[in-house]
Amino acid sequence: EHLHGQLIKHQPPKPPTTMATECLLIDANDPKLTEKVEALKPTPGLCIFLDITGSTAMKSAGIKEWVSKIYNCFENSKGFLSKFQPVKSIGDALMFYVEEVDLAKRLTPLQAYDALWQIATETGAEFPNVKIGAVWCEDVYAITFLPGSRDYYGIDIDMTARIQHEAKSREVAIDARFHDRVMHSY
């Protein structure tokens with residue numbers, strides 16, 4: 001049951017989707033690092049930045065209130081996105097990167113857009129408002145600078161951040177490439 005100020009209980013998460021691309025650790029002590037970087041191929045996919053809006057004001061309502069709202073928002077997002085796990089959370093924001101091969105196994109571009117719209121327009125009192133940016137990426141690489149973690153870098157990740165920044169609360173902003181895929185899927 002959804003109650004204001006309380007956590008929504010979910011089943012334990014399923015294991016994350018298997019990623020097709022091996023993630024390269026950028027390690028300056030690796031004698032073959034230059035060769036590995038030069039051999040990197042782009043990893044196409046969908047990058048999503050989801051940011052809770054008004055989080056500073058929300059936090060003035062007390063820790064129980066904002067912790068439960070952030071938790072509910074993050075769990076709701078993972079549920080709508082077919083249990084894809086976020087790559088990282090930064091404060092009250094999430095970054096998802098779903099490789100093209102993994103997305104094709106679970107969602108069409110239209111279904112992915114619909115999921116983002118459902119997240120952005122959630123009106124329950126137990127959920128905070130969010131704004132979302134989504135970009136179809138072609139210039140992204142599976143690399144990390146931190147051992148044991150998975151990450152993605154590239155110009156299209158930066159574009160996703162800029163598009164999300166321009167979105168308003170309860171809005172989904174997408175780039176032309178993702179728009180074209182959504183319309184083709186439709």
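Tutor: A cavity is a set of points on a 1 Å grid over the protein atoms alone where a 1.4 Å probe fits but cannot get out, and its lining residues have an atom within 4 Å of a point. Points are joined across faces, edges and corners, and the volume is the space filled by probe spheres set on them. The model is predicted, so local features need pLDDT of at least 70 and side-chain atom pairs pLDDT 80 or more, while totals for chains, interfaces and linings use all residues. Residues are numbered from 1 along each chain as its sequence is written, and side-chain values use heavy atoms, without hydrogens and water.

One cavity reaches 30 Å³ or more. The largest cavity holds about 30 Å³ of space. Its lining is Cys73, Asn76, Ile119, Glu122, Phe127, Pro128 and Val130. By class, five of these are nonpolar, one is polar and one is charged. Here Ala, Val, Leu, Ile, Met, Phe, Trp, Tyr, Cys and Pro count as nonpolar, Asp, Glu, Lys and Arg as charged, the others as polar.

Now the surroundings. The protein has seven helices and eight strands, taken as DSSP runs (H or I, at least four residues; E, at least two) numbered from the N terminus. Buried residues (under 20% relative accessible area, 1.4 Å probe, protein chains only) make up 42% of the 186 residues.

Thr43 is one buried case, at 2% relative accessible area. Thr43 sits in the loop between helix 1 (33-38) and strand 2 (45-52). Beyond its neighbours within four places in sequence, Thr43 touches Thr21, Tyr97, Glu99, Val140, Tyr141, Ala142 and Tyr152.

Three strands run in the order 1-6-7, with mixed pairing. Strand 1 (24-25) and strand 7 (152-153) are the edges; each has a single partner strand, so one side of each lacks a neighbour in the sheet. Strand 1 pairs with strand 6 (residues 141-144) in the parallel sense, over two bridges; pairing requires at least two DSSP bridges. Leu25 stands opposite Thr144 of strand 6.

Last, Ala173 in strand 8 (residues 171-174). Ala173 is buried too, at 17%. Ala173 and Ile48 are 125 residues apart in sequence, with C-alpha atoms 9.9 Å apart.

Technical notes
Buried means under 20% relative accessible area, exposed over 50%, partly exposed in between (1.4 Å probe, protein chains only). Contact means heavy atoms within 4.5 Å. On a 1 Å grid over the protein atoms alone, a cavity is a set of points where a 1.4 Å probe fits but cannot get out, and a pocket is an open set with protein on both sides within 12 Å along at least five of seven lines; lining residues have an atom within 4 Å of a point.
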